[in-house]
Every structure is written in C-alpha cells, then in structure tokens.
Amino acid sequence: MIALDNIHVVFGRGTPLEKKALSGVSLTIKEGAFTTVIGSNGAGKSTLLGVLAGDVIPVEGSVRIGDADVTKQPTAARAGRVARVFQDPLAGSCGALSIEENLALAHKRGQHRGLKLALGHTRRKLFREKIAELDLGLENRMTDRMAMLSGGQRQAVSLVMAMMAGCDMLLLDEHTAALDPGMAEFVMKLTERIVGAKKLTTLMVTHSMRQALDYGDRTIMLHGGEIVLDVEGNNRRNLDVEDLIDMFRRVRGQTLDDDELLIAE
Amino acid sequence: MSQIALWGAVELGLVYAFVALGVYLAFRVLDFPDLTVDGTFPLGAAVAAVLIMAGVNPWLASVVAMVAGALAGLVTATLNVRFKILNLLASILTMIALFSVNLRVMGRPNVALLSVDTMLTPFYGHGLRDFMVRPMFLLMLAIVALIVVWRYLESDAGLAMRATGANVRMARAQGINTDRQVYFGIALSNALVALGGALFAQTNGFADVTAGVGTIVVGLAAVIIGETLFGTRRILIALIGCVIGSILYRIAIQMALSSDSLGLQASDLNLVTAVLVTFALVLPRLKRGVLSS
C-alpha cells in the first residue's frame with residue numbers, strides 16, 4: 001500500500017518566486033492498483049511523482065511505501081522500493097553503456113553492489129531472455145550501446161529494467177509522451193501486459209485524457225497542487241473524455257484553449 | 001635516438017601510465033575533470049622519498065604514498081560533493097594547497113634518493129643493464145594495476161561508478177549513492193597518480209616539488225592517444241590504450257626533442273606537450289570534418 005498524508009511541497013521558499021507545488025495532498029493507493037494521473041502544466045503531477053520517488057522531499061506530511069515510512073529518504077535510499085520509467089528516453093538509461101550493462105545496473109537496483117562480475121555467464125543469459133520477450137530483435141544487440149537505440153526501443157528496455165528487481169511501486173512519468181504514435185502504442189501495450197502480469201502497484205502520469213481513462217482502474221486529476229477529481233469503479237467506467245474536459249473546464253473556471261483540446265485525444 | 005634514450009622514454013611512459021589510469025578513472029569514468037593530480041604526483045614522490053630516506057621499507061613507503069594521494073583526492077571530492085564547489089575549481093584549490101603541503105613533507109624543494117634501497121634495488125645486477133630493469137619492473141606493476149582497475153570496473157560496484165559518470169539521475173534512481181561513488185573514484189584515481197609519483201622518485205632518484213607541473217596534461221595526452229588508436233568501446237582495451245598511449249607519448253616527445261633538424265631543446269618540453277595534446281584532441285574532429293564534407 002502507498003499512503004501520502006497531507007503532503008505540502010513549496011519550491012523557492014522565502015523568495016519572491018515562492019511556489020506551492022502541492023498543498024495538502026492525501027492519497028492512498030491499494031496494493032496492485034493501477035492509478036492514472038492527469039492535470040494541466042503546473043498542476044503538480046511531476047511533483048507528486050517526485051515525492052514518491054524521493055526527488056522531492058515534502059516540507060510537511062508523510063510518505064509510506066509498503067511497510068516503511070520513506071518521507072525523508074532520498075531517491076537512492078528508496079530505489080529498492082520504487083521502479084521508474086522517465087518521460088525522456090535518455091534519462092532512464094545510460095547511453096554510454098551497453099544494453100546488457102544497463103540491465104545489470106537495474107538487476108541490482110536498491111541492493112548492495114559488490115565485486116562480483118556485473119556480466120557473468122548466467123546473468124548474460126537471463127538478460128538476453130528478458131530482452132527477447134520484447135520481440136524487437138534487441139536480443140542480438142546486447143552489447144550495443146544504449147545510445148544506438150531509438151527512443152521507443154529505449155523506453156521498452158527501460159520497462160524491462162524497471163522489472164529486473166522487485167519493487168513496491170512502479171512510477172511511469174509520461175513515458176510515452178516523447179514517442180511517435182506507433183511506438184507509444186507498443187510501449188503502452190507492453191506496460192499493460194507487464195503491470196497486469198505482476199499485479200504491480202502503478203502510478204502513471206499522462207498528458208492524454210484518452211490514456212488516463214483507457215488504462216488502469218483509478219484516475220485522479222490534479223489542479224493547483226490539489227486533487228480535484230478521484231474516480232474509480234463504475235463512476236470511472238461511465239466517464240468519457242468529454243466529461244473529463246468538462247470537469248477540467250469547471251475547476252479552471254474558464255474555457256479551454258486549443259492546446260488542451262489537442263491533448264484530449 | 002639512442003637505445004638508452006628509447007628505454008628511458010619507455011620507462012618514463014610506464015611511470016606516467018599510472019597517472020593515465022588515474023586520469024581515465026576521473027575524466028572518463030566519473031566525468032570529473034580533476035586537476036588535483038598536479039599536486040598528487042609530487043605528493044606521492046615526496047612521501048615515498050622522505051619515508052625511504054628515513055629507513056622505511058620502500059614498498060611500505062609507496063603504499064603510504066598511495067594513501068596520501070587518496071586523502072588528497074578525498075579533499076577535492078569533499079569540496080565538490082559536500083560544499084558544492086565546481087569540480088574543476090575544487091581540484092585546483094587542492095592542487096594549490098598541495099604545493100605547500102609537499103614542501104612541508106620534504107622540508108625543502110627536493111630530496112635526493114641516493115645510496116638507499118628502493119623497490120628496484122633487489123632486481124638490479126642479475127645480468128640485465130639497469131636501464132632495462134627499470135621499465136620491465138614498471139611494466140609488471142602497471143599490468144597489475146591495470147588488471148585491478150579493469151576487474152573493478154567490470155564488477156557491479158564498478159558499473160555503479162560508470163553509471164554515476166554517465167547519467168547521475170539514472171544512477172540515483174537505481175539506488176546508487178552517487179556521492180559515495182565520487183569520493184571513492186577520485187580517491188582511487190589520486191592513489192594511482194601518487195603511486196606514479198612514488199615510482200618516479202625511485203626510478204629517477206629524487207623527488208622535486210615542481211615535478212607535478214603539467215601532470216594532468218600528460219595523463220590526458222596518454223588517455224587520448226590510447227582512445228584514438230584503440231577506441232573506447234571495451235574497458236580493457238581502453239585501459240591498455242592508456243598504458244600504451246603513455247609510452248607512445250614519451251617516445252614521440254623524445255623523438256621531437258632529439259631530432260636535430262627541429263632544433264628543439266629540453267626547455268621546449270611544455271610547448272611540445274601542449275601542441276601534441278591539442279593535436280590529439282583536434283584530430284578526431286578533423287577526421288570527422290573531412291569525412292562529412
């Protein structure tokens with residue numbers, strides 16, 4: 001179970017540019033639930049993700065992941081609990097290292113790293129099998145540098161990396177936003193398959209309202225650093241993108257500009 | 001170039017191979033431009049020389065020199081990690097401070113290591129000329145150092161260090177304490193450089209406070225020559241490239257200085273070095289430019 005309790009995050013505290021990114025967000029996510037998060041730019045989506053990942057330490061409130069209070073733990077200390085795929089395909093893996101070296105890094109996520117060979121025979125075989133499951137032909141390019149791969153291939157490998165070691169929760173940060181439609185579709189299907197198979201507790205931030213409703217079993221909308229919508233079950237099934245846009249408009253108290261209509265599809 | 005001069009160039013190249021390995025760790029693995037080495041090299045020489053003159057076993061003296069080098073590296077890493085000083089500036093601060101430290105360690109600008117036993121003494125007089133024994137001894141040590149560094153970089157721990165240099169955000173997300181990687185990596189790098197200094201003192205018979213000027217450039221030159229000739233794809237190849245690059249660099253310098261037609265003299269060394277390194281840096285770019293146009 002993931003529990004955020006009364007989270008407050010303030011950036012640039014005490015300066016003229018002070019900004020409240022999250023004000024009093026409380027959120028409980030059940031074990032194995034797949035939650036999607038939407039909201040406009042500056043709503044606090046990334047901050048929420050950062051609070052869970054450890055990149056952002058809240059000024060107030062507590063964060064529990066699984067059975068541990070991780071409120072004050074920096075990213076590296078809680079990496080054993082949190083797996084993550086970034087929006088930027090370049091951010092989640094090392095371009096200078098090979099595919100198999102990246103997998104070896106992920107294989108030991110959050111664990112002690114000793115003097116054992118990172119790429120022994122058995123590990124190489126295991127990594128090859130994992131990559132072969134993607135069906136992208138990458139298993140024949142295990143020693144290629146990650147930088148040689150396309151954005152979509154990198155995201156697919158990043159998903160495999162996220163699954164290499166156990167975790168209490170998977171964070172997806174608009175992980176298909178930088179991909180072309182075909183590859184985005186592929187990565188989303190892959191995500192659904194992996195999350196479904198492992199019953200992973202997952203939080204996916206997305207810009208696409210379509211995606212937010214099509215995937216997962218719960219959707220929350222952030223606005224101005226607060227949760228303004230939280231639907232699941234039948235209420236959610238009866239929602240469509242039009243309804244979401246309606247709600248969006250209502251919380252903002254203004255008509256949507258073209259930009260936001262674009263991302264509705 | 002005479003045979004003795006050639007052996008001498010190889011010998012000096014092998015001494016600086018340790019510097020090259022250290023510079024590779026800092027610059028290439030951790031992406032940390034570390035100028036501390038200009039102070040660590042004479043520090044290693046000074047510590048080893050003073051201890052050996054005081055009657056300490058030369059092997060032990062060299063180990064202590066390495067520890068001193070590691071500590072100097074830790075100072076730079078602390079300035080950068082703990083106090084957020086820009087890495088380049090942090091290393092320059094330590095380097096400047098080490099000049100005074102080295103003078104304190106020696107008590108005077110230079111210490112001669114004459115008529116005392118060094119690490120090399122037991123190997124002299126077994127049929128080989130002294131000027132051949134030194135490079136062979138150094139080659140053995142360099143191979144040991146190379147294997148240790150190689151094996152480390154191929155381990156889980158070493159991979160964590162490489163990830164820290166390649167993508168720090170990703171490294172943290174994988175649970176790697178990147179601060180600790182910088183501390184350890186820069187300490188290890190400077191320990192190797194200090195070992196180079198300790199060997200320099202023992203093969204040349206003296207330690208001098210000015211011996212460190214340009215160490216970083218020489219180390220970098222070796223790394224770049226190795227990369228240009230052997231590529232960067234595999235760790236082992238890159239490390240071997242560092243060692244061979246260091247030797248080739250010394251031979252090139254020796255040839256430039258001993259060729260009468262060029263009219264160069266020993267004091268032109270720094271200028272020749274700078275030109276050579278610049279050339280090695282620009283060459284890959286020029287090659288690309290020619291190919292694309």
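## Strand β7 of chain A and its partners

Four bridges link strand β6 (residues 82-85) of chain A with β7(A), and the two strands run parallel. Strands here are DSSP runs of E with at least two residues, helices are runs of H or I with at least four residues, and both are numbered from the N terminus. Two strands count as paired if DSSP finds at least two bridges between them. Within β7(A), A:Leu171 is the bridge partner of A:Arg84. β7(A) is also joined by four bridges to strand β8 (residues 202-205) of chain A, again in parallel. There, A:Thr202 in β8(A) is the bridge partner of A:Leu170.

β7 of chain A covers residues 169-173, and five of its five residues are buried. A residue is called buried if 20 or more other C-beta atoms lie within 10 Å of its own, exposed if 12 or fewer do, and partly exposed in between, with C-beta atoms placed from the backbone. A:Met169, A:Leu171 and A:Asp173 point one way from the strand, A:Leu170 and A:Leu172 point the other way, and all are buried.

## Basis of the model

This is a predicted model, in which local features need pLDDT of at least 70 and side-chain atom pairs count only at pLDDT 80 or more, while totals for chains, interfaces and linings use all residues. Residues are numbered from 1 along each chain as its sequence is written, and chains are lettered from A and ligands numbered from 1 in the order in which they are written.

## The sheets of chain A

β6, β7 and β8 belong to an open sheet of six strands in chain A, with the order β6-β7-β8-β3-β9-β10 and mixed pairing. Its edge strands are β6 and β10 (226-232), each of which pairs on one side only. From one strand to the next, the twist averages 20 degrees. Strand β9 (residues 218-223) and β10(A) run antiparallel and are joined by six bridges; A:Met221 has A:Leu229 in β10(A) as its bridge partner.

Other pairings involve strand β1 (residues 2-11) of chain A. Eight bridges connect β1(A) to strand β2 (residues 19-29) in antiparallel fashion, with A:Val10 opposite A:Lys20. Five bridges connect β1(A) to strand β4 (residues 60-65), also antiparallel, and A:Asp5 stands opposite A:Ser62 there.

## Helices around the sheet

Helix α5 (residues 181-198) of chain A forms a right-handed β-α-β unit with β7(A) and β8(A). Right-handed describes a path from the first strand over the helix to the second that runs clockwise when the strands point away from the viewer.

Helix α1 (residues 45-53) of chain A lies across β3 (34-38), β6, β7, β8 and β9, at about 150 degrees to β7(A). Helix α4 (residues 151-162) of chain A lies across β6 and β7, at about 175 degrees to β6(A). These angles run from 0 to 180 degrees between N-to-C directions, and the axes are lines fitted to C-alpha atoms, for helices over the stretch in contact.

## Chain A as a whole

Chain A has nine helices and ten strands. Its C-alpha trace spans about 60 × 40 × 35 Å along its principal axes. Buried residues account for 42% of its 265 residues. Of the contacts (C-beta atoms, placed from the backbone, within 7 Å) between residues at least 6 apart in sequence, 67% join residues at least 24 apart.

## Contact between the chains

The contact takes 24 residues from chain A and 18 residues from chain B. On the side of chain B that touches chain A, the elements giving two or more residues are α6 (156-166) and α7 (168-173) of chain B. α6(B) gives the largest share, seven residues. That side of chain B has eight nonpolar residues (Ala, Val, Leu, Ile, Met, Phe, Trp, Tyr, Cys and Pro), five charged (Asp, Glu, Lys and Arg) and five polar (the others, Gly among them).

## Individual residues

B:Gly165 is located in helix α6 of chain B. It is buried because 22 other C-beta atoms lie within 10 Å. Leaving out residues up to four places away in sequence, B:Gly165 touches B:Val29, B:Leu30 and B:Asp31.

B:Asp31 is in the loop between α1 (3-29) and α2 (37-53) of chain B. B:Asp31 has a positive phi of about 55 degrees although it is not a glycine, and it counts as partly exposed with 15 C-beta neighbours inside 10 Å. In chain A, A:Asp135 lies in the loop between α3 (121-132) and α4. A:Asp135 has a positive phi of about 65 degrees, though not a glycine, and it counts as exposed because it has 11 C-beta neighbours inside 10 Å.

Methods:
Two residues are in contact if their C-beta atoms, placed from the backbone, lie within 7 Å.
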